[in-house]
Amino acid sequence: MSEKNREGKRSARERLSEERERQKAREKQRRGLIVVAAVVGVLGLAAVVGLLAANSGGDDESDTSSGPVVAPKGANGKDQLSLPLGKASAKSTLDIWEDFRCPACKQFEDAYRSTIHELADKGQLKVEYHLATLIDKNLGGSGSLRAANAAGCAQDAGKFPPYHDVLYKNQPEEADDAFSKNAKLIELAGQVDGLVTDSFKKCVEDGKHDSWATASNKAFQDAKLRGTPTVRLDGKDIFGDQQNPLTPAKLKKMVEDANKG
């Protein structure tokens, strides 16, 4: 074989090898773009819509906490899965499903907190908080579960409402799993008078109410609710309708009208 022919064959092999490498690079880039688009799409949807699909958490084995379900003292509702605010004698009931890592839940709390407390203090409204742990599944981590457990510990101490508010006022960025640290949850409890005791710290660190929080999240998923926050007044969904958005003034009037009835 002539030197010229050998060079020709070598060049052909080199060109073929180079083309294969280019194809691999294009395929790798394509896969990378798909992943990036998916991530951006998910985060963009959460930011624009402000709600997490109720079934987006799915059945997550890592969410399952072992041990018996230990409900916090004074927990209400079916299987004692809700935490109360206000007088039991109030005529109207507001059910709120929330996740402590959920940005839309913080937005709701920041907008409606004072109105809810005002109505509860007047004896016109009782509130049932139902805790979910969706974002642990969606973004990874355990902050939703750890915060829900700590909230249960605060309920044991009779301090759930103020601790609930402290957690939302100090909510980290959605992707920041700061609430997964028990030390952080105990530190924030220092903002609630009389909450930080040895029994509270042990409850938080031992995960006393982990299984209860997991059961609460399962009940949320089984109910196939829209997402967090879901807000229902006397059984009627009143939050999330963009055509007829809720306002604090509307909520106050709805409760006052219901009490007149």
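Is K252 buried, exposed or partly exposed? K252 is partly exposed, with a relative accessible area of 27%, where buried means under 20% relative accessible area, exposed over 50% and partly exposed in between (1.4 Å probe, protein chains only).

1. Basis of the values. This is a predicted model, in which local features need pLDDT of at least 70 and side-chain atom pairs count only at pLDDT 80 or more, while totals for chains, interfaces and linings use all residues. Residues are numbered from 1 along each chain as its sequence is written, and side-chain values use heavy atoms, with hydrogens and water left out.

2. The bridge made by K252. The partner of K252 in a salt bridge is E118, with the closest N and O atoms 3.0 Å apart; the term stands for a side-chain nitrogen of Lys or Arg within 4 Å of a carboxyl oxygen of Asp or Glu. This pair links distant parts of the chain, since K252 lies in helix α9 (residues 248–260) and E118 in helix α2, 134 residues apart. Helices (H or I, at least four residues) and strands (E, at least two) are DSSP runs, numbered from the N terminus. E118 is likewise described as partly exposed, its relative accessible area being 30%.

3. The structure holds 15 salt bridges, and one of them joins the side chains of D110 and K106 at 3.2 Å, N to O.

4. The side chains of D198 and K201 form a salt bridge at 3.9 Å, N to O. Because D198 and K201 are three residues apart in helix α7 (residues 198–206), about one helical turn lies between them. D198 counts as exposed at 63% relative accessibility, whereas K201 is partly exposed at 29%.

5. Strand pairing. Strand β2 (residues 92–98) and strand β4 (residues 230–233) run antiparallel and are joined by four bridges, where pairing requires that DSSP finds at least two bridges between the strands. L94 has L233 as its bridge partner in β4, and L233 also stands opposite K236 in β5. Two bridges join β4 to strand β5 (residues 236–237), again in an antiparallel arrangement. The hairpin of β4 and β5 has two residues between the strands, and D234 takes a positive phi near 50° there.

6. Aromatic pairs. Rings of Phe, Tyr and Trp (its six-membered ring) pair if their centres lie within 6.5 Å, with planes under 30 degrees apart counted as stacked, over 60 as edge-to-face and the rest as tilted. By this rule the count comes to six aromatic pairs. In one of them, the rings of Y112 and F239 have centres 6.1 Å apart and planes at 90°, so the pair is edge-to-face. Y112 belongs to helix α2 and F239 to the loop between β5 and α9, so that distant parts of the chain, 127 residues apart, are linked. Both Y112 and F239 are buried. Y163 and F200 also form an edge-to-face pair, at 5.9 Å centre to centre and 85° between the planes. This second pair links helix α5 (residues 160–169), which holds Y163, to helix α7, which holds F200, the two residues being 37 apart. Y163 is buried at a relative accessible area of 0%, and F200 is buried at 2%.
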